[in-house]
Amino acid sequence: MALPSRLLVVVLLASGAIGVAAAFQRSAPPAGVTARAVAAADAFLQTLDDAQRRKANLDFNEQTRVVWSNLPTGIKMQVGAMERNGLKLGAMTPVQERAALALVAATLSADGFRKAMAIVDADQELEVTSAPTRKPGAPIRFGRAEYYVSILGKPSTTEPWMMQFGGHHLAINVTLAGTANVLAPTHTGAQPASYSVGGKLIRPLGDENDRAFELVNALDDAQKKQAILGYEVRNLVLGPGTDGKSIEPEGVRAATFTPAQRATLLALVREWVGILEDQAANAKMKEIESGLSETYFAWAGPTTNGKGAYFRVQGPAVFLEYAPQGAGENNVDHIHTIYREPANDYAARAARR
Amino acid sequence: MKALGAAVLVLLAIGVEVSAHQLDEYLQATRVAIARDRVTLEVDLTPGVTIASAIVEILDANADNIIGPSEAGAYGRAVLSDMVVSFDGHPVVMALEQIEVPTIDAMRHGMGTIHVRATGSIEAHAGRHRLDFVNSHRRDTSVYMVNALVPDDGAVDIVSQSRDAHQREFHLETAVRPGWATLLWFAMGAGLIGVVVVGTKRRTEN
């Protein structure tokens with residue numbers, strides 16, 4: 001009788017300790033990524049004068065968070081609307097720019113930051129090639145100077161706030177919500193889709209393209225028949241400006257996939273999810289994997305890598321699209337993509353809590 | 001070739017030498033939402049650089065460089081008149097609910113999107129239904145997209161969707177689940193039949 005009693009005491013004590021630890025973990029400020037992002041945000045804001053700070057740091061609300069675009073700067077798209085939130089790199093001193101990019105880097109993974117900057121560099125390439133023939137007074141501008149950084153809300157380790165980094169073909173929208181940081185919605189794109197730096201070929205969205213072709217070609221005939229849509233898709237279905245929409249899924253369900261096909265699909269999805277800092281990205285990948293059987297893969301266009309094809313991945317925890325722009329299968333030098341999280345764009349789940 | 005030549009001329013004229021987006025196409029992306037009592041169309045219209053002037057000319061009917069609400073409304077209704085929606089084979093009259101027009105500047109650079117929202121009334125009782133949508137607006141220059149939105153109405157399920165290769169024609173099969181009132185009537189009817197059967201049986205036995 002003595003042994004079970006002692007056991008009971010031990011179990012009770014252990015349960016209590018676990019409970020206290022869990023409660024402490026909930027109330028303790030999350031260390032690590034978010035704290036580093038807060039420090040980077042504060043450091044960036046400290047480099048700015050008052051007028052710059054008012055531009056760079058706005059309220060975080062339903063009106064401000066949706067101000068992002070895939071388009072180049074220089075044109076007001078809607079009457080009364082802002083083009084983008086924040087302060088552009090071209091209006092910053094070198095010290096301010098370094099602090100701004102340190103903030104961007106603090107919210108992203110190392111690979112994600114590299115990808116974002118490769119997109120910026122592609123646009124700089126576009127600026128270099130297009131500027132010589134630009135008509136004086138033409139408003140549209142490309143290039144690194146036209147990328148904006150903004151902070152929505154007060155940087156906090158517990159309350160939601162947002163970091164936006166965007167310009168032509170890039171809209172990184174990271175909502176930091178304690179430990180539940182969210183990348184969605186985020187737009188990536190590239191034009192040119194490949195360029196050289198010091199003799200090295202850079203393809204900002206090359207891995208997305210290659211993994212997708214790998215997956216579609218790994219499907220058997222029955223799966224391919226389901227995956228390949230019988231119509232052409234010429235742009236993103238849920239691109240910028242379609243927040244909160246959800247379309248009926250189409251394509252082949254990953255429930256039919258072999259372990260190797262599932263691994264390829266996850267690697268493809270990781271190309272977007274992995275832009276975010278590793279801790280939140282890993283948690284997100286687990287969530288996506290748990291809903292993988294309910295996830296669909298759809299394809300439109302040729303299946304030979306090197307040709308332009310549209311694809312979409314849609315599941316309970318993820319929605320992403322990749323759409324080459326323009327007509328014809330040889331149009332591979334101008335890409336638009338979108339990454340969304342159904343019911344969790346802008347960390348909606350954390351906001352509801 | 002002719003279109004390409006025109007595209008280059010227009011690009012040079014406005015000073016954008018790099019083709020940012022579709023130049024000589026009118027991109028029309030439609031999202032279709034269905035509920036038991038209505039069909040909603042959300043149409044995003046993006047004219048490319050080379051055809052934007054023609055669209056602006058129609059939109060800005062009095063050529064004052066301002067697109068007023070009545071001009072925008074007239075254009076929205078003209079777009080809708082080129083779209084045919086039918087539900088179970090019967091035409092659905094789509095009424096313009098909202099139109100948002102971008103700046104003329106944005107359109108002239110091929111980067112402005114006109115947003116049109118229209119609704120039409122239907123009566124979808126429990127069972128299978130078919131919705132057909134055909135978009136014939138500016139067929140000469142347009143590229144089409146059409147998708148079904150996940151229904152907000154929990155009683156409506158999308159069973160299947162199909163399109164032609166150019167996404168001009170769209171067919172949606174839906175299923176409406178019986179509501180509580182229908183189920184209640186069904187249960188009451190079944191109960192009544194039961195009472196009648198039992199009563200008849202007893203009378204026969206007596």
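In chain A, 23 residues of domain 1 are in contact with 17 residues of domain 2; "in contact" means that the C-beta atoms, placed from the backbone, lie within 7 Å. This is a predicted model, where local features need pLDDT of at least 70, side-chain atom pairs count only at pLDDT 80 or more, and totals for chains, interfaces and linings use all residues. Residues are numbered from 1 along each chain as its sequence is written, while chains are lettered from A and ligands numbered from 1 in the order in which they are written.

Domain bounds come from an automatic or database domain assignment.

| Domain of chain A | Residues |
|---|---|
| domain 1 | 33–181 |
| domain 2 | 203–352 |

The C-alpha centres of the two domains lie 25 Å apart. On the domain 1 side that touches domain 2, α5(A) gives the largest share, six residues. That side divides into twelve nonpolar, eight polar and three charged residues. (Ala, Val, Leu, Ile, Met, Phe, Trp, Tyr, Cys and Pro count as nonpolar, Asp, Glu, Lys and Arg as charged, and the others, Gly among them, as polar.)

Now for a helix pair; helices are DSSP runs (H or I, at least four residues), numbered from the N terminus. The axes of α2 (33–46) and α4 (94–107) of chain A come within 8 Å and cross at roughly 165 degrees. Axes are lines fitted to C-alpha atoms, for helices over the stretch in contact, and angles run from 0 to 180 degrees between N-to-C directions. So α2(A) is roughly antiparallel to α4(A) (angles over 145 degrees count as that). The contact residues of this pair divide into ten nonpolar, one polar and one charged.

Definitions and conventions
Two residues are in contact if their C-beta atoms, placed from the backbone, lie within 7 Å. Helices (H or I, at least four residues) and strands (E, at least two) are DSSP runs, numbered from the N terminus. Angles under 35 degrees count as roughly parallel, over 145 as roughly antiparallel, 65 to 115 as roughly perpendicular and the rest as oblique.
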